[in-house]
Amino acid sequence: MVTQSSGSRSLATCLRMTRTIAVNSALDVIMGAVAALGAVGLCGHAPGGWPLWGVAGLGLGGIAAGGLPFRIFVQHWRFAGRSDFWRLGCACVLAGVLVMGVLAAAGDRGVGAASWCVSYGMAAFVCMAATRAAYQRWRQAGPRTGRVGCPVIVLGSEADTTRFLKLMPAMAGRVVGMVVESRQRRPGRRVRGVPVLGQVTELRRIVSAMARDGDVLLVVADGRFRGERLSGVLRMVQETGARVRCMPDLSGIAGGQAGPLHPVRLADLLNRPALLPDAQGLAGLLGGRRVLITGAGGTIGSELARQIARHRPAELVLLDVGEFALWQVDIDLAENAPEPARHLVLADIRDPARMERVFARFQPELVFHAAALKHVPMVEENPCEGLLTNATGTRIVADIAARHGARAMVLVSTDKAVNPASVMGASKRVAEMYCQALDVQARDMTDGATGMRCVSVRFGNVMGSTGSVIPLFRHQLERGGPLTVTDPRMERYFMTVSEAVGLVLQATACGTGVQATGLAAPLRRGGVFVLDMGTPVRIVDLARQMIVLAGLRPGRDIDIRFTGLRPGEKLTEDLFYKKEILQPTGCPGLRMATPRTVDLAQVANIMDALTVACRDGDGARALDLVRRLVPEFAHNPHGMDMPDPAGQIDVERNAS
């Protein structure tokens, strides 16, 4: 439905475009008349003895007729480029030919008429091209009230700098130079009047020299500067006090207007390129289906709801144990994706009777199981609750979904399930093993024709998730520091939540056969999808980057304090077991692991005893049963104390 405000904006845009075309047309034909009179001065005579007003009219009509086929009247003068000037030249040539034809028809076929027509075409091109070029220079230079604001340095190639000058004309007058990567572009060369100051490796020296006179703005116009390359830029300029901004993405530019420069975002510092799922394949998987999401109020669950809603499912059932979180995601969907029918369900996945009623009522075809307890130290304090939610709850959802004819259930797992050192990681590995066994049995019994598929997807941390380190760092920055890091060697994999969820949906399409190519054999062996998380990020580097992005200096304005590992934590996480054979999936960003599997009857028997032990509050017995299923579980219930925290702080301050 088109609203009144959007209709008004469309009408205003149409009127503005019409006005622009009318002004361009009037100016061009006037310049055609001026060019015709100028040609009289160049040749020393008027063609055929025409009066000057007739010559002016002849020149005006020539440009009007010659410009129409080449659409010169709809050119944006502000953004005119090489192709526009070529069309302008062709239009002037055509105008000269048409005017010559008019003179010939009037009986003037002499050399004088021909020379006047040539002079007219050349004068018309010079007038119109010079006017457009002058307008561009004026817009780029901005108001002539002196250079207002701090000097701007552009980091990027010649093409990047040219794009910046065109899209940011208000700032073009403040650009004092550009920094390039190519060694062939030596200092002293100019691009559109902007001097090359040096190479990226010299950035600290260049910015320091400019910063002596005040603040400096460094604009990263090269979109290839992401991850470690962008982190290196921040490290080079952090001591200079310069501000760093990035050019807006081309997709955010509309109507010839660029969005504002944005600060460096944490997602820009990830050591990996962003990957997008196949929208067409996901539309075939989700369109018109009944979808249930457990843990729908959490970070992953709410993003699943948002992305799934875009593919127009028939019904979207949002299940969570917390009413406030569920209310928040419902409000978000009501504003941004109101089309699919939504049902809000308050339920505990550990309650079999309640879950049975939910599945009997809604009969979901696809189940995305994101409900879990994920906070490692908290689950260490409450191991029975973590095992009941993450292991027993997953089994309850999977069994009931299979009984009610769901097409597939997707388990959102974690890298902490690989070589687990925490109860949380071990509980997720138990959940993986049960889903593996259920999926292997279904594929063997049905010969791949029917039956519920259990798709497990494993990945690392998502940026900004509830309880993660990034919101903690933001909170500590707001309080003036210090930022607390457990260990300077601590590393974690990171991915944006939108990308992680997109790849979870992509894995679902592969695991259910919608897009599976050559995955039948590893899936029959209990294959688990693993997202390509890139390279791990040191947490201390992340803390340092967040301080720099806040415009502060690590070790001076904000300290970094090391506290030692917490219960259940490891220094590094693994996405695969060492003995696993990685399988390609044919989908970018997705790989497949084939971890050890256990017979369904065996894992079910142990989980029966595990559930009883947890409901009785017998944590020791529960952990013994977990070790029977996960012998690689190397529990670290107390964490590890650092040998010399004070010395580590001094090392960190010196390094920063």
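The following conversation concerns a predicted model.

Visitor: What should I know before looking?
Guide: This is a predicted model, in which local features need pLDDT of at least 70, side-chain atom pairs count only at pLDDT 80 or more, and totals for chains, interfaces and linings use all residues. Residues are numbered from 1 along each chain as its sequence is written, and side-chain values use heavy atoms, leaving out hydrogens and water.

Visitor: How many disulfides are there in the whole structure?
Guide: The search finds 0 disulfides, a disulfide being a pair of cysteine sulfur atoms within 2.5 Å.

Visitor: What about C127?
Guide: C127 is partly exposed, at 24% relative accessibility. Its sulfur is 9.0 Å from the closest cysteine sulfur, in C92, again too far for a bond.

Visitor: Changing topic, which residues of helix α21 are buried?
Guide: In α21 (residues 619–629), they are G619, A622, L623, L625, V626 and L629. Helices are DSSP runs (H or I, at least four residues), numbered from the N terminus.

Visitor: Where do they lie around the axis of α21?
Guide: They fall within an arc of 160°, so they line one face of the helix; the arc is that of the directions from the helix axis to the C-beta atoms. On the other side of α21, A620 and R628 are exposed.

How values were computed
Buried means under 20% relative accessible area, exposed over 50%, partly exposed in between (1.4 Å probe, protein chains only). Helices (H or I, at least four residues) and strands (E, at least two) are DSSP runs, numbered from the N terminus.
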